[in-house]
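Let's take a friendly walk through a protein model, strand by strand. Keep the structure open beside you as you read.

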Amino acid sequence: MEKEEKKTTNWLERIVTVISTILVLFTFTILIYQWMSEEPTPPNIEVSLGEVTQKDQGYSVPVSVKNLGSQTAKNIVIEIVSQEDGTDEKGQISFQYIPGKSTVRGWVSFTKEPTVSSLKSQVLGYTAP
């Protein structure tokens, strides 16, 4: 009886090992293919601003920053300016890094309520390793 249980366990272990090996090899094949076929492109930063929300000490605007390039961008600094009634209020946000083809999110605060149409964003700078 012990021999039968041992054979079943060995059979099951072999199936799991074969399936696992196939999955790992498949994953490595896909990663190697992507690495070989993809051309490295420099960081390309795109900024999107969301709807203004009121907070305890002012107003906040969600900022979504997307790196369209395949290379990582580091030390990204973005300035958001609210141009209301002839006065400018500036907010700034920075991110340590944004990997290639990914998105990060943050918030910028203002003391006066800005309208979405009055907000302008500008990438002040970043470095590419």
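This report looks at one strand and its partners, then at a sheet, and then at the nonpolar core. Please keep in mind that the model is predicted.

Several other strands pair with β3, so let's take them in turn.

With β1, the pairing is antiparallel and rests on five bridges. You can find S48 standing opposite S64 of β3. Strand β2 covers residues 53–55 and is joined to β3 by three bridges, again antiparallel. Here Q54 faces Y59 of β3 as its opposite number. Between β2 and β3 lie two residues, and the two strands form a hairpin. Finally, β3 and β6 run antiparallel and are joined by nine bridges. One of the pairs to look for is P62 with its bridge partner W107 in β6.

## A closer look at S60

Is S60 buried or exposed? Its relative accessibility is 6%, and because buried means under 20%, S60 counts as buried. This serine sits in strand β3.

Which residues surround S60, if we leave aside its neighbours within four places in sequence? The contacts are E51, V52, T53, K55, W107, V108 and S109.

## A three-stranded open sheet

Now turn to an open sheet of three strands, ordered β5-β4-β7 with antiparallel pairing. Strands β5 and β7 (119–127) are at the edges and have a single partner strand each, so one side of each has no neighbour in the sheet. On average, and ignoring direction, neighbouring strands here are turned by 20° against each other.

Within this sheet, β4 and β5 pair over 11 bridges in the antiparallel sense. To spot the pairing on screen, look for E79, which stands opposite Q92 in β5.

## The nonpolar core

The largest nonpolar core has 16 residues, and those touching the most other members are V65, I78, I80 and F95. Which element gives the largest share? That is β4, with four residues.

Apart from neighbours within four places in sequence, V65 is in contact with I45, E46, I78, F95, I98, S102, T103 and V104. Among these contacts, I78 and F95 also belong to the group of core residues that touch the most other members.

Notes. Residues numbered from 1 in each chain as written. Predicted model: local features only at pLDDT ≥ 70, side-chain atom pairs only at ≥ 80, totals over all residues. Heavy atoms only, no water. Core = buried A, V, L, I, M, F, W, Y, C linked by side-chain atoms within 4.5 Å. Buried < 20%, exposed > 50% of the residue type's maximum accessible area, 1.4 Å probe, protein only. Contact = heavy atoms within 4.5 Å. Pairing = 2+ DSSP bridges. Axes fitted to C-alpha atoms, helices over the stretch in contact; angles between N-to-C directions.
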